[in-house]
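This report is written for a reader meeting the structure for the first time. The sequence and the model are shown below, and the sections that follow should be read alongside them.

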Amino acid sequence: MFDCFGAGQRLTQETFGGRTWRDEPAIAGDMFASLPVVRQLHELMWLITEALKLDEARPVHRKLRDSLDRIDHLAAGSPAELKALDVDAHRRRVNPLLQRASQLARASYRGPDHRGAQLIGRRMRGADLRGASFRGALLIGADLRDADLRRADFTGADLRGTDLRGADLTGVLFLTESQRRAAVTSGT
């Protein structure tokens, strides 16, 4: 359930000018070393882009756009520049903006704060979790069937096996496609 957020395509097309490690084994080392860096930068860009879609987050839109431009510029670096990059430092700079965007978007709901919580196997079926923060929470195997998750923030949450059948995910924040695929969303 890996999602590279377009990093592989960018590396192949831009950084390496259409060359692949299969065609040119000599670039394999640089390519494989660059992929995790560009993937993390592209994930940050995806998060920022999602935050820019939030009308409530208008007060931080300018700073988010500036961050998006900066991260995009970094992702266009050479293999040597990418290797030397401290992605965690850039994540630490962007994270307060993403948290602020989330707070602004969730302000009218006042949901529970489950940031970083160990919610493995937790039964929360039918719970009112509107505006909840699940940033970095472990929800492995949790039961969220029929829960109201409108405007809940799922940044970095581990949803492997989380049962989301019937849950209201309207306007949910920062839920990636790989998180959705890791959860149970249909079936018996």
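Arg110 lies in the loop between α5 and α6. In this predicted model, the residue has a positive phi of about 55 degrees, although it is not a glycine. Most residues other than glycine have a negative phi. Arg110 counts as exposed because its relative accessibility is 71% and the cut-off for exposure is over 50%.

Phe174 is also found in the loop between α5 and α6. Its phi, near 55 degrees, is a positive value in a residue other than glycine. With regard to accessibility, Phe174 counts as buried, since its relative value is 4% and buried means under 20%.

## Asp148 and its surroundings

The loop between α5 and α6 (177-182) likewise holds Asp148. This residue is buried because its relative accessible area is 16%, under the limit of 20%. Leaving aside residues up to four places away in sequence, Asp148 touches Ala127, Asp128, Leu129, Arg130 and Asp168.

Asp148 can also be placed relative to Arg110: the two are 38 residues apart in sequence, and their C-alpha atoms are 13 Å apart in space.

## The packing of α3 and α5

Two packed helices are described by the angle between their axes and the distance between the axes. For helix α3 (residues 58-75) and helix α5 (residues 87-106), the axes come within 10 Å and cross at roughly 150 degrees. The crossing of α3 and α5 is left-handed. On the α3 side, the contact is made by Pro59, Val60, Lys63, Leu64, Ser67, Ile71 and Leu74. The α5 side contributes His90, Val94, Leu97, Leu98, Arg100, Ala101 and Leu104.

## The chain as a whole

The chain contains six helices and zero strands, and its elements run α-α-α-α-α-α from the N terminus on. Along the principal axes, the C-alpha trace spans about 55 × 40 × 25 Å. Among contacts in the chain with a separation of 6 or more, 37% are accounted for by residues 24 or more positions apart.

Of the 188 residues of the chain, 46% count as buried. The chain exposes about 9900 Å², and carbon and sulfur atoms supply 48% of that area.

Methods:
Residues are numbered from 1 along each chain as its sequence is written. This is a predicted model: local features need pLDDT of at least 70, side-chain atom pairs count only at pLDDT 80 or more; totals for chains, interfaces and linings use all residues. Side-chain values use heavy atoms; hydrogens and water are left out. Helices (H or I, at least four residues) and strands (E, at least two) are DSSP runs, numbered from the N terminus. Buried means under 20% relative accessible area, exposed over 50%, partly exposed in between (1.4 Å probe, protein chains only). Contact means heavy atoms within 4.5 Å. Accessible areas come from the Shrake-Rupley method with a 1.4 Å probe; for residues, only the protein chains shown count as cover. Axes are lines fitted to C-alpha atoms, for helices over the stretch in contact, and angles run from 0 to 180 degrees between N-to-C directions. A crossing is left-handed if the near helix is turned anticlockwise from the far one by less than a right angle, and right-handed if clockwise.
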